[in-house]
Amino acid sequence: MFDTAPSYKDIFNKRADSYHQAMLQWPNARDKEFQALLENLNISAEDKVIDIPSGGGYLSWYVNQAQLHHIETSETFAQLCHSKSPYPLTICELDKLPFNDDSIDFVLSLAGLHHTETKLGLFQQINRILKPGGRCMLADAKKGSKTAVFLDGWMADHNSMGHKGWYFDSETADELVSSGLIVDKIETKDYHWKFDSVSQAAQYCQLMFGIDQASLKDIENALLEHLGGTQDSSNFLLNWQLDFISCHKKHL
């Protein structure tokens with residue numbers, strides 16, 4: 001357990017390996033999530049795309065025709081990303097992005113920003129590097145949602161590192177606007193993570209979230225109780241929810 005709430009870098013320098021193992025073992029579990037992030041963006045091969053934070057480079061599985069660039073703060077995740085993705089990666093602080101002004105077409109961020117308490121500096125950097133009319137899509141849990149409550153509640157109680165998230169709330173849109181970006185839409189999306197069984201979902205979550213103080217059966221029961229899901233003849237669909245914020249940089 002950390003004495004204070006750890007940063008994204010602190011967390012994933014310690015448990016990126018198990019997270020990466022989960023993603024490689026079940027690479028299609030979160031298809032719906034990545035598809036929701038990319039919906040209606042119409043990214044082309046000529047577009048310059050930033051993925052931040054990039055984890056192990058999983059977005060490259062879905063955006064494989066664009067000029068993608070990964071951004072990470074965790075050295076461990078960066079090493080894992082280098083081993084799997086052909087796209088360039090830079091390790092840097094989120095408020096010091098190494099790109100020229102007005103140079104990027106899309107900035108994407110999926111489920112990593114709740115580990116960052118202060119986001120305004122990043123939002124200002126996003127506005128700086130986006131081309132006029134360039135788009136940004138951010139996705140993460142909303143404060144008070146079932147996703148956030150599960151992560152900071154049961155999951156944190158059964159993880160020796162704990163868990164403390166700074167989730168999207170009413171101030172997030174205000175900070176985006178104050179950074180100069182124009183918020184087009186905020187949408188809560190419910191979808192599923194897909195597995196063969198609830199047992200497989202428990203194994204995945206054990207690895208992804210570093211749940212080291214509960215049995216797989218306990219994790220199964222917690223997923224059903226706190227998140228819910230449905231089992232059909234071939235799949236277990238675990239309920240999940242994130243907020244998706246679409247914004248753009250104003251045109252000249």
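This is a set of questions and answers about a predicted model.

Visitor: Why are α1 and α7 called roughly antiparallel to each other?

Guide: Helix α1 (residues 8-25) and helix α7 (residues 198-209) pack at an angle of about 150 degrees. Angles over 145 degrees count as roughly antiparallel, so α1 and α7 are roughly antiparallel to each other. Their axes are 6 Å apart.

Visitor: Which residues of α1 and α7 meet?

Guide: From α1 come Arg15, Ser18, Tyr19, Gln21, Ala22, Met23 and Gln25, and from α7 come Tyr204, Leu207, Met208 and Phe209. By class, this contact of α1 with α7 has seven nonpolar, three polar and one charged residues.

Visitor: How do α5 and α8 cross, and at what angle?

Guide: The axes of helix α5 (residues 146-157) and helix α8 (residues 216-226) cross at roughly 145 degrees and come within 11 Å. The crossing of α5 past α8 is right-handed. On the α5 side the contact is made by Lys146, Phe150 and Trp154, and on the α8 side by Asp218, Ile219, Ala222, Leu223 and His226. Sorted by class, the contact of α5 with α8 has five nonpolar, one polar and two charged residues.

Visitor: How do you know that Cys81 is too far from the closest cysteine sulfur for a bond?

Guide: A disulfide needs two cysteine sulfur atoms within 2.5 Å. The closest cysteine sulfur to that of Cys81 is in Cys92, 13 Å away, and therefore too far for a bond. Cys81 is buried, with a relative accessible area of 1%.

Visitor: What makes Asn42 exposed?

Guide: Exposed means over 50% relative accessible area. Asn42 is at 68%, so Asn42 counts as exposed. Asn42 is in the loop between α2 (31-38) and β1. Phi of Asn42 is near 55 degrees, a positive value in a residue other than glycine.

Visitor: Why is Asp102 called partly exposed?

Guide: Buried means under 20% and exposed over 50%, with partly exposed in between. Asp102 has a relative accessible area of 40%, so Asp102 is partly exposed. Asp102 is in the loop between β3 (89-91) and β4. Asp102 is not a glycine, yet has a positive phi of about 55 degrees.

Visitor: What makes Phe106 a buried residue?

Guide: The relative accessible area of Phe106 is 7%, and buried means under 20%, so Phe106 is buried. Phe106 lies in strand β4. Not counting residues up to four places away in sequence, Phe106 touches Leu41, Ile43, Asp47, Lys48, Val49, Ile50, Leu130 and Arg135.

Visitor: Is Asn235 buried or exposed, and what is Asn235 in contact with?

Guide: Asn235 has a relative accessible area of 15%. That is under 20%, so Asn235 is buried. Asn235 is found in the loop between β7 (229-231) and β8 (236-249). Leaving aside neighbours within four places in sequence, Asn235 is in contact with Lys194, Phe195, Asp196 and Thr230.

Notes:
Residues are numbered from 1 along each chain as its sequence is written. This is a predicted model: local features need pLDDT of at least 70, side-chain atom pairs count only at pLDDT 80 or more; totals for chains, interfaces and linings use all residues. Side-chain values use heavy atoms; hydrogens and water are left out. Axes are lines fitted to C-alpha atoms, for helices over the stretch in contact, and angles run from 0 to 180 degrees between N-to-C directions. Helices (H or I, at least four residues) and strands (E, at least two) are DSSP runs, numbered from the N terminus. A crossing is left-handed if the near helix is turned anticlockwise from the far one by less than a right angle, and right-handed if clockwise. Contact means heavy atoms within 4.5 Å. Ala, Val, Leu, Ile, Met, Phe, Trp, Tyr, Cys and Pro count as nonpolar, Asp, Glu, Lys and Arg as charged, and the others, Gly among them, as polar. Angles under 35 degrees count as roughly parallel, over 145 as roughly antiparallel, 65 to 115 as roughly perpendicular and the rest as oblique. Buried means under 20% relative accessible area, exposed over 50%, partly exposed in between (1.4 Å probe, protein chains only).
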